[in-house]
Structure formats: structure tokens, C-alpha cells
Amino acid sequence: MRTVLVTGGSGQLGSCLKEIEDPTYNIIYTDYDQLDISDLTQVTLFFQSHQIDYCINCAAYTGVDDAEKERKKAYQINEIGAKNLALACKTHNTTLIHISTDFVFDGEKTGSYTEIDDTNPISVYGDSKLKGEIAITQALKKYFIVRTSWLYSEHGNNFLKTMLRLSEDRNVLNVVGDQVGSPTYAPDLANVIQRIIQTECSDYGLYHYSNEGVASWYDFAQAIFTIMGAEIKVNSINTTAYPTPAKRPKYSVLDKSKIKNTLKLEIPYWGESLKTCMDILL
């Protein structure tokens, strides 16, 4: 029986992986209290005591704004943690599946970003994630780096759940309308990760995955309230009207051609996956 390690196991994506768990695999879920990936000694000892075939790294520092003032912590988890896992995977011939982000781009492109486009992060979070990608590629050959965007689900904290909470006591909301990307339903991404493992894919490298379609945060919010049937007025505002500590890419739509061709995928449209999620939540 193959063994799969999932770091960040109680986070949003880790929780979704649990829900589609393949019983033919031995799956180990860890969080910070069981395995601090920024501690090389801990990582080394963990890999020595378990025969791990695949490591899915869902552990990350994801506080985009908080990272601007907690730089050291962001880099410890997103860069050093990724490097430590890559080194352990190399030693033990383990395949690493690492989750990255659209925030490695600056958002100045007008077309969809491909895997070969130049990166230029404009936030500490984006830079720390890019440094993690680089550390993996320098240490390891058997890896899949999967960049995704605007992740949401029934679990954890995310934009959808924030909108649902705000709608409980507000009937007017201001939402940024000039940042454009693709909302991604975490269970859809979890299914792709599972497919990589089940098909024993060996086309290692960098991939992009998000749901199909394009939306602004304003569009995303409007869709949420339309599905709810809620009478919430949503005003579209510019990024400049809602200043945040971290800069965000204004356009970060990902081109999924490579992953679709490699894994023979049909990717759901973001609006359909949103309906699926809200049927569960509501």
C-alpha cells in the first residue's frame, strides 16, 4: 500500500482531500503541531520513520496582508518549509506535490498566464511562495508544482464564507471590481491532485489549475447572492478605494492548457462549482 503525506492537513485543501480519500492508500495528515515543515530536523526524522511515496504540501502561510509585517514567518513556511520537504523527498525518492499561487505574477498581463510567463510578485506572500517554488526546482526532479487562484470551499476562511457572514446583517456591500481572476473550488483541485497520484503521472513540472471562466471579486459576490436569492446590493469599487497592506495582482487568470492536456481533464466552470458548494453550505 502506498503512503501519502498531506501537510497542512486540517486546512481548506487538506480537509477537501480527506473527503475524497482513496482507501487503497495509507494517508497521513499532519499539521504544525505534528510536523513543523520549517524545521529541517523534524522533517528529516518524520521521513526517516515513514516510507512516504507522495507528499502533498498544503501547508502555507496564506495571510496575504499579515505577511507584510510577518515577513520572517511567511518565508520560514513558504520558502524554507518547501525547501525542507523537497530535500527530504529527494533523499527518500518521494514525489512532491506542492500548491502555489497566482500571486507569483504582478497582474500586468492582459491574457491568461502560462507556466512559462515571467514571474514578478508584488507582495511578500507572492515572493515567499515563488521562492518556495524555486527551492523545490533546485532540489528535486520528481515534483508537481500546482499554482491555483482564489481558493474557496465549505472549509476554513475564504471569500465565499466572508460574503455569507456579511450578508447576515448587511444589505449593501462594497466589493472590488477591478481585480480579475478565476475562483477555484478546493474539492475540484483536490480531485486533480488525486488524479496525479492515481494515474502515477510522471510528467513532472509546473502546472496551473483553476476553475474555468473569468470573474472579478464583484462578479464573484454577485453570483453568491444570486444563488442565495438574497437581496443584497453590491457596489463595484476600485482597488484604490479599499487599500490593503499587500498589493494584489489586478489580473491573474491562469492558462490551464498544460494540465488539461497532461491529465485529460475537463475543468468545471467556476459558476457551476460555486452552485455545488453553496448547495452544501445552505
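I take contact to mean heavy atoms within 4.5 Å. I take helices (H or I, at least four residues) and strands (E, at least two) as DSSP runs, numbered from the N terminus.

**Ground rules.** I am working on a predicted model, where local features need pLDDT of at least 70, side-chain atom pairs count only at pLDDT 80 or more, and totals for chains, interfaces and linings use all residues. I number residues from 1 along each chain as its sequence is written, and my side-chain values use heavy atoms, with hydrogens and water left out.

**Entry 1: helix H2.** I call a residue buried under 20% relative accessible area, exposed over 50%, and partly exposed in between (1.4 Å probe, protein chains only). Which residues of H2 are buried? In this helix, residues 40–49, I find Val43, Phe46 and Phe47. Looking down the axis of H2, I see these buried residues within an arc of 95°, so they line one face of the helix. The arc is taken from the directions from the helix axis to the C-beta atoms. What do they pack against? I list strands S1 (3–7), S2 (26–30) and S3 (54–57), plus helix H3 (71–91). On the other side of H2, I note Thr41, Leu45, Gln48 and Ser49 as exposed. At the start of H2, I find a side-chain oxygen of Asp39 within 3.0 Å of the backbone nitrogen of Thr41.

**Entry 2: cysteines.** I count a disulfide when a pair of cysteine sulfur atoms lies within 2.5 Å. How many disulfides are there by this rule? I get 0. Cys55 is in no disulfide either; I find its nearest cysteine sulfur, that of Cys89, 4.7 Å away. I note Cys16 as buried, at 1% relative accessibility. Cys55 is buried too, at 0%.

**Entry 3: Glu21.** I find Glu21 in the loop between helix H1 (12–19) and S2. Its relative accessible area is 39%, so I mark Glu21 as partly exposed. Leaving aside neighbours within four places in sequence, I see Glu21 in contact with Ile27, Tyr29 and Gln194. Glu21 and Gln194 are 173 residues apart in sequence, yet 8.4 Å apart in space, C-alpha to C-alpha.

**Entry 4: Ser100.** I place Ser100 in strand S4 (residues 95–101). Ser100 is buried, at 4% relative accessibility. Leaving aside neighbours within four places in sequence, I see Ser100 in contact with several residues, among them Lys129, Glu133 and Ile145.

Terms used. A polar contact is a pair of N or O atoms within 3.5 Å; within protein, one must be able to donate a hydrogen and the other to accept it, and residues adjacent in sequence count only if both atoms are side-chain atoms.
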